[in-house]
Amino acid sequence: MNRILAALYWIAMALIMAFITLPLLVVVAASLSPSSEVVLNPARWTFHWYGELWTAKWLGPFWLSVQIALTVSVISGMLGLLAAYVVAYRRCPAADVIMSFILSPLAVPQIVKGVAIVLFLSSAGLFHLLGTPGLIMAHVILTLPFATRMIATAVYNFDRNLDRAAQSLGAGRWQRIRFILLPLIKPGIFSGMTFTFILSFNNIPLSVFLVRPGQSTLPITVINYMEYSLTPVLAAVNVASLLFILTTIFVFEKLGGFSAQLHGGSK
Amino acid sequence: MSTPDIELVSVTKLYGDTLVVDTIDITIPRGEFVSILGPSGCGKTTTLNMIAGFQEPTSGELRIRGADQQGVPPEKRNIGLVFQNYALFPHMTVAQNIAFGLKMKKAGRAETEAAVRSALKSVHLDGLQDRYPKELSGGQQQRTALARAIAPRPSVLLLDEPLSNLDLKLREAMRVELKEIQRELEMTFVYVTHDQEEAMAMSDRIVVMSRGVVAQEGDPTSIYNRPRTSFVADFIGKSNILPISAVTRGEAGPQLVLPGGVVLAIDTAEPVEGMRFCCIRPEDVRIRGLDGGPSGQAANLVDGRVAKIVNLGAHLDVWVDVAEGVTLKALLRTADAAGMQPGASITLAIAPEAIRTLAE
């Protein structure tokens, strides 16, 4: 009985893994195929389409997306840290209210948010902020709930006895924040920023409302391109984006050490 | 006499409407090992937190080295603290943990290194300075926490049940070591515990707390030998606590009449006015003719029947029914009581000096 269950378990696992990874493999194969027909024979594969990515047509939107995602992850990370500090560390009386307010954009569909931001900018006479500033603003609104939530969780898990221990050793408030709190919640901050980066980098629904005419982020460029043709260059863009995101996660992980709990963690 | 390190004068702490600490007065002289002992909920941890500065007294005055501490934050009190769960900084090595207090004091590099080295030495952790807390055993974490607290040389060290997470053997070894470290550093230790054995083993003085008040205060011997209330008699060591039905005058002096008509002569110096209970330590309950106990005329002789025997190894706990509803517990050496069986009739011998009267 147990062996049958174990076998079923492994079969289910394998199916789930296949479901997640097979489409990716198909995309990789497509990006290497000579024409829009997907070729599975490695002997006929070509890197031609990747070469085509190295043109202003794709590099421009890519850099815009990277700039926005980086800026947004820094801003959301910092705002999220401040919010988490007040809500989860100082536990100020209005903590619940503040948290609900910051999380409230989650309840609004992105399309609605996009329209609302555009209407706001035009009615407030801030139409010139469309483009990069508007995109950054919108993406911060989109990602702040996630960043705050992740950082606040790290702060909630912070062992307050460590704070008291530091205090008894003569550490004032800023010293405790700098030497004890920040190093211990750093993994939370960086995972929040990573998540923010990915959300911003991949975003379409908000971005379409806020790009200036002639300006385009990478995902929007892909969507637009798809309307005209379905060449393997799209698959190449996707694979390249995927590799880029994975690299970003890796770099953030190295900086922030989400897995620092291996020799850290207070319990 | 120099200024005491810590003085609590009529200190009261309320949480909402709950009185947690009720008008206590405690004086802790410099260089002493003082234990605050009591069951959970007696207010001992609150008292410690008030001394450390994590909580402010609702009323009363708290002085450290003569200075009123109202509004002084914990980081300005120069008091070391050892936590029950150690609270080591997980992202720092043992050496960095120990150096933390000196770093906050902006001590020089040479001074810090010397202090870390000497702290490591006092707690016997030499060679482990580059480990992370995660890589240490419970006992080593405990030592690190202690080293971290003593390294900046605070004038007072507060210890909050620091041994309760260790196993029994280690706990007993650490008791001896803690006491040695305290004596060596000549630091004032305030040790909060619910473990009376720990308090007895290490303290110069014990403050017994119960329901927010100080039940009794004194050196371990006097607290053990002269408990003032049945709570203290029961909490410190083991005791036979019996209600007093009446007090009469015998030829030799006062006598206590217990329920069931048991009559015990007591020492003439023992107060009887208003006393409602008496207590007898199990080791003072001897058996006539068995263990060379007090056999003279002076001893109270009480006939009884053995009800229950529990073997503790070197000793036996023996319950003896001496009258209807009156049972005395005796602690006998196993060798002395060999062959004793439940149901056996025996005569107990209790010296009058071993009987204490208690008001409540």
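Me: Which stretch of chain A has pLDDT under 50?

Reply: In residues 261-267 of chain A pLDDT stays under 50, and the model has ten contacts beyond four places in sequence for them. Where pLDDT is low, the predicted coordinates should not be read in detail.

Me: What domains does chain A have, and how do you know where they touch?

Reply: The domain assignment gives domain 1 as residues 1-46 and domain 2 as residues 57-262. Their centres, taken over C-alpha atoms, are separated by 31 Å. A contact requires C-beta atoms within 7 Å. Six residues of domain 1 of chain A are in contact with seven residues of domain 2 of chain A. The domain 1 side has three nonpolar, three polar and no charged residues.

Me: What share of each chain is called buried, and why?

Reply: A residue is called buried because 20 or more other C-beta atoms lie within 10 Å of its own. Buried residues make up 32% of the 267 residues in chain A. In chain B, 42% of the 360 residues count as buried.

Me: How many of the contacts join residues that are 24 or more positions apart?

Reply: Among contacts in chain A between residues at least 6 apart in sequence, 78% join residues at least 24 apart. In chain B, 66% of the contacts with a separation of 6 or more are between residues 24 or more positions apart.

Me: What makes up chain B?

Reply: Chain B has eight helices and 21 strands. Its C-alpha atoms fill a box of roughly 75 × 45 × 40 Å, taken along the principal axes.

Me: Why are β1(B) and β2(B) said to pair?

Reply: Two strands pair if there are at least two bridges between them. Seven bridges join β1(B) to β2(B), residues 18-28, so the two strands meet the rule. They run antiparallel, and B:Y15 has B:T18 as its bridge partner in β2(B). The two strands form a hairpin with two residues between them, and B:G16 in the turn has a positive phi of about 60 degrees.

Me: What joins β1(B) to β4(B)?

Reply: Five bridges join β1(B), residues 6-15, to β4(B), residues 59-64, and the strands run antiparallel. B:V9 stands opposite B:E61 in β4(B).

Me: Why are β12 and β14 of chain B called edge strands?

Reply: They belong to an open sheet of three strands with the order β12-β13-β14 and antiparallel pairing. Residues 246-249 form β12 and residues 263-265 form β14, and each of these strands pairs on one side only. The twist averages 30 degrees from one strand to the next. Three bridges join β13(B), residues 254-257, to β14(B), with B:L264 as the bridge partner of B:L256.

Me: Which strands are at the edges of the five-stranded sheet?

Reply: The order of this open sheet in chain B is β16-β20-β17-β18-β19, with antiparallel pairing. Its edge strands are β16 (286-287) and β19 (326-333), each pairing on one side only. Elsewhere in the sheet, six bridges join β17(B) to β18(B), where B:V320 is the bridge partner of B:V306.

Me: How do you know that the chains touch?

Reply: By the cut-off of 7 Å between C-beta atoms, 20 residues of chain B are in contact with 20 residues of chain A. On the chain B side, β6 (79-82) and α2 (94-104) are the elements that give two or more residues. That side has 13 nonpolar, four polar and three charged residues.

Methods
Residues are numbered from 1 along each chain as its sequence is written. Chains are lettered from A and ligands numbered from 1 in the order in which they are written. This is a predicted model: local features need pLDDT of at least 70, side-chain atom pairs count only at pLDDT 80 or more; totals for chains, interfaces and linings use all residues. Helices (H or I, at least four residues) and strands (E, at least two) are DSSP runs, numbered from the N terminus. Axes are lines fitted to C-alpha atoms, for helices over the stretch in contact, and angles run from 0 to 180 degrees between N-to-C directions. Two residues are in contact if their C-beta atoms, placed from the backbone, lie within 7 Å. Ala, Val, Leu, Ile, Met, Phe, Trp, Tyr, Cys and Pro count as nonpolar, Asp, Glu, Lys and Arg as charged, and the others, Gly among them, as polar. A residue is buried if 20 or more other C-beta atoms lie within 10 Å of its own, exposed if 12 or fewer, and partly exposed in between; C-beta atoms are placed from the backbone. Domain bounds come from an automatic or database domain assignment. pLDDT is the predictor's confidence in each residue, from 0 to 100.
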